[in-house]
Amino acid sequence: MNNTKDTMSFLRNEAATRSTAWRALCLKLQRGARGLPAVYPSALAAQEATPTEHRYRQLSNVKRGMVCYWDDPHDSNPYGHITAVAGHDPNTGELLHWTNDASGADRVSLVRHSFFPNYWGDS
């Protein structure tokens with residue numbers, strides 16, 4: 001399993017090389033970044049399998065290297081979404097996330113936490 005530094009390096013490299021391997025493969029991207037085997041068929045399944053005691057509901061408790069799950073049960077995406085927390089913006093304090101498909105299909109990019117509710121409607 002990769003540590004947080006190696007995970008962030010993997011994601012940064014995928015963004016820098018403008019890899020186009022990640023269309024609709026958020027869970028595969030995050031597993032690959034951490035060096036983890038496949039266990040769940042979707043991000044939503046992984047989210048639902050996360051024990052309650054390992055869930056954080058206060059954004060102030062979320063740290064670099066953690067994952068965030070996103071889902072709108074009323075949209076057309078039955079799979080949910082998963083991102084890696086890159087840290088906090090030093091100017092605003094807003095969480096930053098490594099994700100796929102946000103700045104273009106297939107691509108990895110760094111986005112603000114507010115991207116997901118504002119553009120995808122996910123909370």
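This is a predicted model: local features need pLDDT of at least 70, side-chain atom pairs count only at pLDDT 80 or more; totals for chains, interfaces and linings use all residues.
Helix α2 spans residues 26-34, and its buried residues are Cys26, Leu27, Leu29, Gln30, Ala33 and Arg34. These residues lie on the same side of α2, because they cover an arc of only 160 degrees around the axis. An α-helix has 3.6 residues a turn, so residues three or four places apart point the same way. Just after α2, Gly35 adopts a positive phi of about 75 degrees.

## Packing of α1 against α2

The axes of α1 and α2 are 8 Å apart, and the two helices pack at an angle of about 130 degrees. This angle makes α1 oblique to α2. The crossing of the two helices is right-handed.

On the α1 side, the contact is made by Thr4, Thr7, Phe10 and Leu11; α2 contributes Leu29, Gln30, Gly32, Ala33 and Arg34. By type, the residues of this contact comprise four nonpolar, four polar and one charged.

Ala24 is located in the loop between α1 and α2. The residue counts as exposed because its relative accessibility is 63%, the cut-off being over 50%.

Apart from neighbours within four places in sequence, Ala24 is in contact with Asn100 and Asp101. The C-alpha atoms of Ala24 and His81 are separated by 8.8 Å, although these residues are 57 residues apart along the chain.

Notes
Residues are numbered from 1 along each chain as its sequence is written. Side-chain values use heavy atoms; hydrogens and water are left out. Buried means under 20% relative accessible area, exposed over 50%, partly exposed in between (1.4 Å probe, protein chains only). Helices (H or I, at least four residues) and strands (E, at least two) are DSSP runs, numbered from the N terminus. The arc is that of the directions from the helix axis to the C-beta atoms. Axes are lines fitted to C-alpha atoms, for helices over the stretch in contact, and angles run from 0 to 180 degrees between N-to-C directions. Angles under 35 degrees count as roughly parallel, over 145 as roughly antiparallel, 65 to 115 as roughly perpendicular and the rest as oblique. A crossing is left-handed if the near helix is turned anticlockwise from the far one by less than a right angle, and right-handed if clockwise. Contact means heavy atoms within 4.5 Å. Ala, Val, Leu, Ile, Met, Phe, Trp, Tyr, Cys and Pro count as nonpolar, Asp, Glu, Lys and Arg as charged, and the others, Gly among them, as polar.
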